[in-house]
Amino acid sequence: MTQFALVVAATEELGIGVLQNLPWRIPKDMAFFKQVTTVIPEELENQPVQNAVIMGRVTWESIPTKFRPLDNRFNIVVSRNPSYDLKLADATDKNTILVDSLEKAFEAIDSKRHARTFIIGGAQMYRLAIQHADCSHIVLTRVKSKIDCDTFFPTIDEQHYRLGSHQELEGYVQRQVPEGIQKFKELEYEFTLYVRK
Ligand SMILES: NC(=O)c1ccc[n+]([C@@H]2O[C@H](COP(=O)([O-])OP(=O)(O)OC[C@H]3O[C@@H](n4cnc5c(N)ncnc54)[C@H](OP(=O)(O)O)[C@@H]3O)[C@@H](O)[C@H]2O)c1
């Protein structure tokens with residue numbers, strides 16, 4: 001199995017969601033998410049590949065219809081219901097699939113077609129994935145402001161993950177990333193990276 005990363009925005013209390021949606025709207029974090037999950041590693045840039053994003057059914061439904069499937073990425077939706085209707089605007093869309101377990105999601109990754117694999121939520125998917133030895137990185141936007149949430153990211157076990165440096169973050173995402181505390185309206189946040197030890 002190939003390695004993968006989790007991409008998440010979470011508060012200090014690890015809150016990630018409320019009422020089945022994001023508790024905040026931070027445009028630069030959304031742009032960062034798009035960039036991280038879309039950028040192809042340099043060595044594969046000229047190959048016919050794209051990245052894969054794996055998400056739970058609730059997260060899929062939280063994406064506004066006009067933005068899903070996430071463009072230029074292979075979308076894998078996980079549900080226990082094998083006949084769940086993805087309600088794809090384009091029924092012939094081959095770039096979005098439904099699977100009934102995280103293991104099947106990993107099996108659907110084809111190293112010839114897919115460069116990087118990202119788990120993009122929500123809590124149930126993160127909880128399963130963070131335990132995997134193949135989870136190599138956690139790209140975490142830390143939302144510093146206190147915000148009420150009802151859904152939480154699992155504890156990041158320091159036995160298995162260490163906080164990486166900003167250089168490591170830029171190296172991993174292969175782009176420059178704003179360093180330190182960022183501000184949007186009343187919100188403060190910071191781009192960080194955890195690396196599996
Ligand atoms: N802050 C962030 O970065 C971020 C990112 C993503 C999501 N979120 C938020 O997180 C919340 C959603 O998280 P969530 O935990 O409620 O839902 P989720 O992980 O997105 O999806 C849960 C669904 O996944 C399926 N599932 C879970 N475990 C499974 C298993 N072992 N095998 C097969 N299918 C399985 C089930 O679908 P069925 O019920 O169809 O069987 C389950 O209801 C929302 O508030 C969302 O906005 C935040």
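Are Phe32 and Phe191 buried or exposed? Both are buried, where buried means under 20% relative accessible area, exposed over 50% and partly exposed in between (1.4 Å probe, protein chains only). The views below start from the whole chain and then turn to single sites.

This is a predicted model, in which local features need pLDDT of at least 70, side-chain atom pairs count only at pLDDT 80 or more, and totals for chains, interfaces and linings use all residues. Residues are numbered from 1 along each chain as its sequence is written, and side-chain values use heavy atoms, with hydrogens and water left out.

**View 1. The annotated domain spans residues 3-196.** UniProt lists "domain: DHFR" here, from an unreviewed entry. UniProt positions follow the numbering used here, feature names are shortened, and annotations may be inferred rather than shown by experiment. Over residues 3-196 the chain is 20% helix and 31% strand. The end C-alpha atoms are 11 Å apart. Helices (H or I, at least four residues) and strands (E, at least two) are DSSP runs, numbered from the N terminus.

**View 2. The largest nonpolar core holds 30 residues.** A nonpolar core is a set of buried Ala, Val, Leu, Ile, Met, Phe, Trp, Tyr and Cys residues joined through side-chain atoms within 4.5 Å. Trp24, Phe32, Phe118, Val139 and Leu169 touch the most other members. Strands E1 (4-11), E3 (50-56), E7 (135-143) and E11 (187-196) each supply at least two residues, as do helices H1 (27-38) and H5 (166-173). E11 gives the largest share, 5 residues. Another core, of 29 residues, lies apart from it and includes Ala10, Leu14, Ala52 and Ile119. In soluble globular proteins, nonpolar side chains tend to be buried together.

**View 3. Phe118 and its contacts.** Contact means heavy atoms within 4.5 Å. Beyond four places in sequence, Phe118 touches Ala5, Val7, Val36, Thr37, Asn51, Ala52, Val53, Ile54 and Tyr172.

**View 4. Aromatic pairs, of which the structure holds 4.** Rings of Phe, Tyr and Trp (its six-membered ring) pair if their centres lie within 6.5 Å; planes under 30 degrees apart count as stacked, over 60 as edge-to-face and the rest as tilted. Phe4 and Phe106 have ring centres 4.9 Å apart and planes at 25°, so they are stacked. Phe4 is in strand E1 and Phe106 in helix H3 (residues 102-107), 102 residues apart. Both Phe4 and Phe106 are buried. Phe32 and Phe191 are tilted, because their planes stand at 40° with centres 4.3 Å apart. Phe32 lies in helix H1 and Phe191 in strand E11, so this pair ties together parts 159 residues apart in sequence. Phe32, Tyr189 and Phe191 form one aromatic cluster.

**View 5. Arginine ends over aromatic rings.** A charge sits over a ring if NZ of Lys or CZ of Arg is within 6 Å of the ring centre and within 35 degrees of the ring normal. The charged end of Arg113 is 5.7 Å from the ring centre of Phe74. For Arg116 over Tyr172, the distance is 4.2 Å.

**View 6. Ile76 in strand E4 (residues 73-78).** Ile76 is buried, at 0% relative accessible area. Beyond four places in sequence, Ile76 contacts Val53, Ile54, Met55, Ile97, Val99, Ala105, Ala108 and Ile109. Thr96 is 20 residues away in sequence, yet 5.8 Å from Ile76 in space, C-alpha to C-alpha.
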